[in-house]
Amino acid sequence: MNKQFEHTLPNSEGYFGEYGGSFIPPELQAVMNDINQAYQEIRQDPEFVAELTRLYQDYVGRPSPIFHAQHLSQTYGCDIYLKREDLNHTGAHKINHCLGEVLLAKKMGKTKVIAETGAGQHGVALATAAALLGLECDIHMGEVDIAKEHPNVVRMRILGANVIPATHGRKTLKEAVDSAFQAYMADPHTQLYAIGSVVGPHPFPMMVRDFQSIIGIEARQQFQDMKGQLPDHLVACVGGGSNAMGLFSAFLEDSNVAMHGCEPAGRSLDEVGEHAATLTKGEPGTMHGFHSYMLKDDKGEPEKVYSVASGLDYPAVGPQHAYLKDLGRVQYGVVSDKEAIDAFFELSRLEGIIPAIESAHAVAHAINLAKKGSKGTILINLSGRGDKDIDFVVENYGKQYGIASLI
Ligand SMILES: *Cc1c(COP(=O)(O)O)cnc(C)c1O
């Protein structure tokens, strides 16, 4: 079998230890069972594997290189490498699983993919894959987010997707989820709900991980070829956890490779609604169709969360991360808004690479490890590029970092 799809977990019910599973209405469970069965067949189908491999190479531009960040390394007295997912077509790792999901939808005979999006990153990646593979694409998005994330809304529409505004309640991500879910339930047979990270009911945490595992498979080989050994440390940011699982999954059995996930501490780790550090501050619970660590309010509803990186502000986390945390196989830490923005400028100015603010969290975490005296090589998953963030950063942090307005 293709190495990309060789994993022992989850079990057949979608459990990683006590986490994961599927907590959804019976009529939706039947649909998930279909998706799971189709995926189990398709992932062993040489034609599917060959087609996905071809798209990864010729469309996304894989393999993404590993770059030795020498100036950053010198500055912090350590040895830092970057896995350049920022160089992928569309500028981040999300295209890896969106292509997999849309290809699966197509093989299942579905005509449309559907999803919600907050900042628009998942929406753009899905609209791209749908355009390429000839499926319709409906992206549900809160009205407030549509106004805030205008460039991504324009991108999706240019790519031929329908952007459907969620107009009730606070008109942001939660309402977009409701709206997309309702539209999906109206017709779950001709559409596939394409989840945007390693979250949701089984089989999505497994499936999205498998599609992202190309990151770790490449990185392991590339690093071995470059250095004659594996990295001592891996670092990745964790929102839902897909880019981190993509990197980590190839190294789980390499006991001398330490793994570090970092969550957003936002403005304050001590105040509810000011961070999104699910594994650090949350507790086990069930929401959005699966069991994992979550940030919940008194009523068990998703807690308000915040991060300067809109891709990281999610009140739950993929179940495999919860499992790896309890096992102690991955160490999860936090990075504040300020540390992430510092790292955003540091990487830009030392290496000429503008990272996504999400990825800047991982850079900051690696810098913190180096400052604490971690020895050996550190491989950071640079999950995306920062083009989407430049206006926001200049407007909110420009003065502090010496970029005076020119107009
Ligand atoms: C969406 C996003 C993330 C967070 O999602 P994960 O599923 O945790 O990987 C991280 N980095 C970038 C660039 C993103 O767009």
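Is the crossing of H2 and H4 left-handed or right-handed? The crossing is right-handed, meaning that the near helix is turned clockwise from the far one by less than a right angle, with anticlockwise giving left-handed. A word on the model before the views: this is a predicted one, where local features need pLDDT of at least 70, side-chain atom pairs count only at pLDDT 80 or more, and totals for chains, interfaces and linings use all residues. Residues are numbered from 1 along each chain as its sequence is written, and side-chain values use heavy atoms, with hydrogens and water left out.

**View A. Helix H2 packs against helix H4.** H2 covers residues 46-60 and H4 covers residues 94-107; helices (H or I, at least four residues) and strands (E, at least two) are DSSP runs, numbered from the N terminus. Their axes sit 11 Å apart at an angle of about 140°. Axes here are lines fitted to C-alpha atoms, for helices over the stretch in contact, and angles run from 0 to 180 degrees between N-to-C directions. The pair is therefore oblique, given that under 35 degrees counts as roughly parallel, over 145 as roughly antiparallel, 65 to 115 as roughly perpendicular and the rest as oblique. On the H2 side, look for Glu47, Phe48, Glu51, Leu52, Leu55, Tyr56, Tyr59 and Val60; they meet Ile95, Asn96, Leu99, Gly100, Leu103, Leu104 and Lys107 of H4, where contact means heavy atoms within 4.5 Å. Sorted by class, that contact of H2 with H4 has 10 nonpolar, two polar and three charged residues (Ala, Val, Leu, Ile, Met, Phe, Trp, Tyr, Cys and Pro count as nonpolar, Asp, Glu, Lys and Arg as charged, and the others, Gly among them, as polar).

**View B. Helix H5 runs roughly parallel to helix H7.** The axes of H5 (residues 121-133) and H7 (residues 150-158) come within 9 Å and cross at roughly 15°. That crossing is left-handed. Gln121, Gly123, Val124 and Ala127 from H5 touch Asn152, Arg155 and Met156 from H7. The contact of H5 with H7 splits into three nonpolar, three polar and one charged residue.

View C. Zoom in on the polar atoms: a polar side-chain atom of lysine 94 lies 2.6 Å from a ligand oxygen atom, and a backbone N or O atom of glycine 239 lies 2.8 Å from an oxygen atom of the ligand. Serine 383 puts a polar side-chain atom 2.7 Å from a ligand nitrogen atom.

View D. Most residues other than glycine have a negative phi, and most peptide bonds are trans.

Methods:
Polar contact = N/O pair within 3.5 Å; in protein donor to acceptor, adjacent residues only side chain to side chain.
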